[in-house]
Amino acid sequence: MTHLEEHSLPYMDKALPDAWKAATTFASAISREAAQHGLSLAEGEIIKIRVWQLNGCVFCLDLHSRQARKLGVPQQKLDLLPAWRESTLFSDREAALLAVAETATTLPLSEDSKADLLAARSALGQEAFVSAEWVATTINIFNRISILSEHPVRARDAEGKLS
């Protein structure tokens with residue numbers, strides 16, 4: 001074992017592949033349910049990216065920023081996500097989704113975050129609101145897996161191919 005291997009953390013997904021398979025099956029089920037209950041794939045990616053920004057998950061942020069662009073999310077919106085509350089580019093619906101993403105990531109609930117959730121539920125409707133909560137909760141799980149595994153980010157071109 002090299003010095004680097006001795007001090008690097010195991011990839012959780014590789015160390016317990018059946019657990020990883022169960023996690024990905026769970027995430028797929030959540031995505032299907034969310035899509036059936038009023039949450040578009042692009043909206044799901046906006047939620048995921050904001051959660052990843054808050055958690056500092058560089059691997060997931062890299063991967064899903066490309067996915068969001070493929071689904072039509074403009075680069076400008078991706079760039080402005082950290083300052084979405086100050087931007088006029090986000091619709092009321094997108095702002096509600098981002099409020100859910102932040103609240104699900106920055107627990108425990110405060111009076112302000114509870115107010116954000118109530119406003120988001122009003123803006124989204126019950127089904128899309130709960131779908132957004134499920135997406136945000138699920139993505140927080142994957143952030144922890146990736147961060148604890150120290151998944152590396154490799155240089156890629158605009159299409160996502162290794163450069």
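**Exercise 1.** Which residues does Trp 84 touch, not counting residues up to four places away in sequence?

*Solution.* The model is a predicted one.
Step 1. Locate the residue: Trp 84 sits in the loop that lies between helix 6 and helix 7 (92-105).
Step 2. List the contacts, taking heavy atoms within 4.5 Å as the cut-off. Trp 84 touches Arg 50, Phe 90, Ala 95, Leu 98, Ala 99 and Glu 102.
Step 3. Trp 84 and Ala 95 are eleven residues apart along the chain, and their C-alpha atoms are separated by 7.3 Å.
Step 4. Decide on burial. The relative accessible area of Trp 84 is 7%, and buried means under 20%, so Trp 84 is buried.

**Exercise 2.** Decide whether Lys 77 counts as buried or exposed, and name its contacts.

*Solution.* 
Step 1. Lys 77 belongs to helix 6 (residues 75-80).
Step 2. Its relative accessibility is 17%, and therefore Lys 77 counts as buried.
Step 3. With neighbours within four places in sequence left aside, Lys 77 is in contact with Leu 89, Phe 90 and Glu 94.

**Exercise 3.** Describe the length and the surroundings of helix 4 (residues 41-55).

*Solution.* 
Step 1. Helix 4 has 15 residues, and from its first C-alpha to its last it reaches 21 Å. This is close to the 21 Å expected at 1.5 Å a residue.
Step 2. Eleven of the 15 residues are buried, which leaves helix 4 mostly covered.
Step 3. The buried residues include the charged Glu 43, Glu 45, Lys 48 and Arg 50, and also Ile 46, Ile 47 and Trp 52.
Step 4. The buried residues of helix 4 pack against helix 5 (58-70), helix 6, helix 7 and helix 9.
Step 5. After helix 4 comes Gly 56, with a positive phi near 75°.

**Exercise 4.** Work out how helix 8 (residues 111-124) and helix 9 (residues 126-149) pack.

*Solution.* 
Step 1. The angle between the two helices is about 130°, and their axes are 6 Å apart.
Step 2. Because of this angle, helix 8 is oblique to helix 9.
Step 3. The crossing of helix 8 past helix 9 is right-handed.
Step 4. On the helix 8 side the contact has Leu 117, Ala 120, Arg 121 and Leu 124; on the helix 9 side it has Gln 126, Ala 128, Phe 129 and Glu 133.
Step 5. Sorted by type, the residues of this contact are five nonpolar, one polar and two charged.

Definitions and conventions. Residues numbered from 1 in each chain as written. Predicted model: local features only at pLDDT ≥ 70, side-chain atom pairs only at ≥ 80, totals over all residues. Heavy atoms only, no water. Axes fitted to C-alpha atoms, helices over the stretch in contact; angles between N-to-C directions. Helix = DSSP H or I, 4+ residues; strand = E, 2+ residues; numbered from the N terminus. Parallel < 35°, antiparallel > 145°, perpendicular 65-115°, else oblique. Left-handed = near helix turned anticlockwise from the far one by under 90°. Buried < 20%, exposed > 50% of the residue type's maximum accessible area, 1.4 Å probe, protein only. Expected span 1.5 Å × (residues − 1).
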